[in-house]
Amino acid sequence: MAAASEAERDPDPVPRRGFWSRDFGLFFTARAVAKLGDTMLPVALAAGLLLHGYGAGAVGLAMASSVACFAGLVIFGGVVADRVSTRLLMIGADAVRLVTQTLAAVMFFTGHVVLWQLCVIGALNGAAAALFQPGVASTVPRLARDVQGANGAIRVAESVMSLAGPAAAGMLVAFVSPGGVFAAHAATYGLSALCLVLLRLPPAAPRTSTGKGGAAFRRDLVEGWREFRSRTWLWGVIAIWGLFMLAVSGPAVPLVAADVVQEHGPRAYGLVNSALGAGTVVGGLLALRARPRRMLRAGAFAVLGFGLFPGTVGAGLGVPAMCAGAAVAGAGMSFWGVMWATSVQTQVRPEVLNRIHAYDVAGSLAMMPVGQALAGPAAGLLGTDVVLVSGGLLTLVVGALLLGVPAIRNLERAEDRPVAGSPVPADGSTPATTPGRR
């Protein structure tokens, strides 16, 4: 198999108990720099298109082209990632985005900015991301025995880059041009691809070949769906998360921005966003240390903190209170993210993990744009403050639903999965450290 060909030589067959190694460091760097570039992009698109005479609708269309392609194709990307070398697939996706973002930089540097061309570039980026993202889930447990620690470290790095990215993009726009941001974004994909080229992955879990062609592809797709729906804790969380995105997180993003800017000014909104980002760093650090036996139960309690983000804004509290609420919300969501990612990566069979992760990503994203689209009409009908306070209260409902499903609250922690390629007992039995599958 192609996956087996990427297995590279680990001189020590027994995996380390921690998560940090040369190869994890390369993957960590790849994820961090990619996140830096991704958080720079919205600033570049908004500033660049407005500078060339386009309106807010054009900015939204350019951004939506990428999100739509990603959401529509990521499930298929999961099937592909389970059939070929995930490392080569991720390198190829980074190479595509290196080229597309370089083209975008040339467009802005030369002043030849055409909306439909940017939308095509965005669609290509979204398709590449749909091929890249599923492999992330299976790469972490192949590199680190301490899967939770690895996820926590990556979450902290991504949180820091989320704070640095918009600021760096603003500086580049001010002192160079929007094209400079696109050039920097392209460079982050180049660096990510280089790290992945240097990465040495242990062998992927063997899987029974299902053949080639469209019929085999469909069988893999169906198998992924069956594996997904067979786990009540998995589809239960996704279903509840759809409610969260629709009624809480989706409306909160645009309404918090509008309310804070109108009432307190852009500077206050910047402070609230910074507090949210700082909170995500704290949550990631907490997830590095805490080792709850029932990870999703602990994560569900952490999710309750998100209600303070829209709640403090909707209640008309001062900027310090809003910043405190945002910090708690960021910490809670970051902690939940690590608990959830680790649960998926250690409870699901490796040979179907990419497909399961793809269903997870698609399901998690599905209701976000709907919630954002309904935010304006809901605010017009009920008032912005009512919608935001209601979102804060509905967070309690979401937490209660997560805790109310036995399969979610009682899911016991799996032992951290040994790095792929670890010795298997001679009788072929599963090692004691291998996690449960359901």
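Student: In this model, does Trp 116 count as buried or exposed?
Tutor: The model is a predicted one, and its accessibility values are computed from the predicted coordinates. Trp 116 lies in helix α5, and its relative accessibility comes to 57%. Exposed means over 50% relative accessible area, so at 57% Trp 116 counts as exposed.

Student: Which helix gives the most to the nonpolar patch on the surface?
Tutor: The patch is formed by Val 96, Trp 116, Val 120 and Leu 124, which together have about 390 Å² of accessible area.

Student: Over the ring of which residue does the charged end of Arg 97 sit?
Tutor: The charged end of Arg 97 is 5.0 Å from the centre of the ring in question. A charge has to be within 6 Å of the ring centre to sit over a ring, and the ring that Arg 97 sits over belongs to Phe 132.

Student: How many salt bridges does the structure hold?
Tutor: A pair counts when a side-chain nitrogen of Lys or Arg is within 4 Å of a carboxyl oxygen of Asp or Glu. One of the pairs is that of Glu 227 and Arg 231, whose side chains meet at 2.8 Å, N to O, and both of these residues are buried. By this rule, the count of salt bridges comes to nine.

Student: How many residues apart in sequence are the parts that the pair of Arg 200 and Asp 23 ties together?
Tutor: The side chains of Arg 200 and Asp 23 meet in a salt bridge at 3.8 Å, N to O. Arg 200 lies in the loop between α7 (178-198) and α8 (214-229), whereas Asp 23 lies in helix α2 (residues 22-51), so the pair ties together parts whose separation in sequence is 177 residues.

Student: Which of the two, Arg 200 or Asp 23, is buried?
Tutor: Arg 200 has a relative accessibility of 29% and counts as partly exposed. Asp 23, by contrast, has a relative accessible area of 12%, and because buried means under 20%, the buried residue of the pair is Asp 23.

Student: With which residue does Arg 293 form a salt bridge?
Tutor: The closest N and O atoms of this pair are 2.8 Å apart. The pair links distant parts of the chain, 119 residues apart, with Arg 293 in the loop between α10 (266-289) and α11 (295-303) and its partner in the segment after α17 (406-409). That partner is partly exposed, with a relative accessible area of 38%, and the residue is Glu 412.

Student: Which residues do salt bridges that share partners join into one network?
Tutor: Arg 200 and Asp 23 have already been described as meeting in a salt bridge. Through shared partners a further residue belongs with them, and the residues joined into one network are Arg 22, Asp 23 and Arg 200.

Student: How many aromatic pairs does a search of the whole structure find, and what are the planes of Trp 233 and Trp 340 doing?
Tutor: Trp 233 and Trp 340 are 5.8 Å apart, centre to centre, with 75 degrees between the planes, and they form a pair that is edge-to-face. Trp 233 lies in helix α9 (residues 232-264) and Trp 340 in helix α13 (residues 319-347), so the pair ties together parts that are 107 residues apart in sequence. Trp 233 is buried at 3%, Trp 340 is buried at 8%, and the search of the whole structure finds aromatic pairs to the number of 13.

Student: What kind of aromatic pair do Trp 241 and Trp 336 form?
Tutor: Trp 241 lies in helix α9 and Trp 336 in helix α13, so this pair ties together parts that are 95 residues apart in sequence. Trp 241 counts as buried at 8% relative accessibility, and Trp 336 counts as buried at 5%. Their centres are 5.3 Å apart, with 15 degrees between the planes, and the pair is stacked.

Student: How many disulfides does the structure hold?
Tutor: A disulfide is a covalent bond between the sulfur atoms of two cysteines. Cys 69 is partly exposed at 23%, while Cys 195 counts as buried at 6%. The number of disulfides in the structure is zero.

Terms used. Residues are numbered from 1 along each chain as its sequence is written. This is a predicted model: local features need pLDDT of at least 70, side-chain atom pairs count only at pLDDT 80 or more; totals for chains, interfaces and linings use all residues. Side-chain values use heavy atoms; hydrogens and water are left out. Helices (H or I, at least four residues) and strands (E, at least two) are DSSP runs, numbered from the N terminus. Buried means under 20% relative accessible area, exposed over 50%, partly exposed in between (1.4 Å probe, protein chains only). Rings of Phe, Tyr and Trp (its six-membered ring) pair if their centres lie within 6.5 Å; planes under 30 degrees apart count as stacked, over 60 as edge-to-face and the rest as tilted. A charge sits over a ring if NZ of Lys or CZ of Arg is within 6 Å of the ring centre and within 35 degrees of the ring normal. A disulfide is a pair of cysteine sulfur atoms within 2.5 Å. Patches are made of residues with over 30% relative accessible area and no salt bridge: like charges are joined within 9 Å, nonpolar side chains (Val, Leu, Ile, Met, Phe, Trp, Tyr) within 5 Å. Accessible areas come from the Shrake-Rupley method with a 1.4 Å probe; for residues, only the protein chains shown count as cover.
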